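Please have the model open while you read.

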Amino acid sequence: MIRLTPTIKKLLTINVACYGIGLLLQLLYNFGFLINPKDISSFFALHHFNSLEFHYHQLLTYMFFHGGVLHILSNMLGLVMFGVFLERVWEGKRFLFFYLATGVGAGIIYIFYTYILTYQMNEDAKSYMINPTPDRFELFVGNYLDTKKYTLRDGKQDDLFAEFHKDPTNKDLIYSTQSIVIDIVKKNESMQVIGASGAVFAILVAFALLFPNFEIQLLIPPILVKAKYLVLFYIVYEIFCEYSTMVNDNVAHSVHLGGAFIGFCIIKYWQKYSKNFY
């Protein structure tokens, strides 16, 4: 039985309260309450840097909202299982600083990462608006439309390509394809992130650095594994998911990796410069 530490208790309370408020608002909305809870959660979620809905407070608030029962349970489980050991070592103030700093840091990395990814998309979109051709349109769609989530013409996008190639000067087709390009840009820039995963991954990394040989009992498979190997596996898995075209899970793996990176940097800095790191 893990005995909760004071800061962990407070973080659990805030996260569960935010999730509970979301459920309550959804219930009230279903019974005719005027405010859509999605609009409220969107205000606190972390948006793409180019989005009109992006606000700087989201770098902090996104950590305390979750998208479902499994989402909040997995994050809070990680917070409790590994965070209590860190708080006992560091005490409350240092642990809270680490949690918030890594969560905010993960958010900053995420918005810069997504900005870099979409910068070329915006440049290609501008180029297409100036010179709309069938080849440019097909290339843009191939590069930037996630066909696992969205399709053109109910999946009949090949028909649209063939139609445009057949009549490349058709003004209606040009206008239609330009609208599609704008829509693809908006879809890519409408992404939003919620959850404490960035900070939780930082906690995992910190635990592995402080207690590398601590053995953890896994359920599947039922084996003991050292913390350093378990966290290394998670990091490799997150990198694979982020760059693999086979994975389509709506998970912001870049936030996980960003949190892990910020956590690693903070721990290494403290180990080198802090006299009372422990």
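Contact here means heavy atoms within 4.5 Å. Helices (H or I, at least four residues) are DSSP runs, numbered from the N terminus. The model is predicted, so to speak of local features requires pLDDT of at least 70, side-chain atom pairs count only at pLDDT 80 or more, and totals for chains, interfaces and linings use all residues. Residues are numbered from 1 along each chain as its sequence is written, and side-chain values use heavy atoms, with hydrogens and water left out.

Two packed helices are described by the angle between their axes and the distance between the axes. Axes are lines fitted to C-alpha atoms, for helices over the stretch in contact, and angles run from 0 to 180 degrees between N-to-C directions.

| Pair | Angle | Axis distance |
|---|---|---|
| α1 (residues 6–30) and α4 | about 170° | 9 Å |
| α4 (residues 69–90) and α9 (residues 197–210) | about 40° | 9 Å |
| α10 (residues 227–243) and α11 (residues 253–273) | about 145° | 9 Å |

Start with α1 and α4, which are therefore roughly antiparallel to each other (angles over 145 degrees). On the α1 side, the contact includes Pro6, Leu11 and Tyr19, and these residues and their partners in α1 meet a set in α4 that includes Val69, Met76 and Glu87. By class, this contact has twelve nonpolar, three polar and one charged residues. Ala, Val, Leu, Ile, Met, Phe, Trp, Tyr, Cys and Pro count as nonpolar, Asp, Glu, Lys and Arg as charged, and the others, Gly among them, as polar.

The contact of α4 with α9 divides into twelve nonpolar, five polar and no charged residues.

**A pocket among helices**

Which helix gives the most to the lining of the second largest pocket? It is α10, with four residues, and α9, α10 and α11 each supply at least two. Among the lining residues are Val205, Lys228, Ile235 and Phe264. By class, the lining has nine nonpolar, no polar and one charged residues.

A pocket is an open set of points on a 1 Å grid over the protein atoms alone, where a 1.4 Å probe fits, with protein on both sides within 12 Å along at least five of seven lines; lining residues have an atom within 4 Å of a point.

Conventions. Angles under 35 degrees count as roughly parallel, over 145 as roughly antiparallel, 65 to 115 as roughly perpendicular and the rest as oblique.
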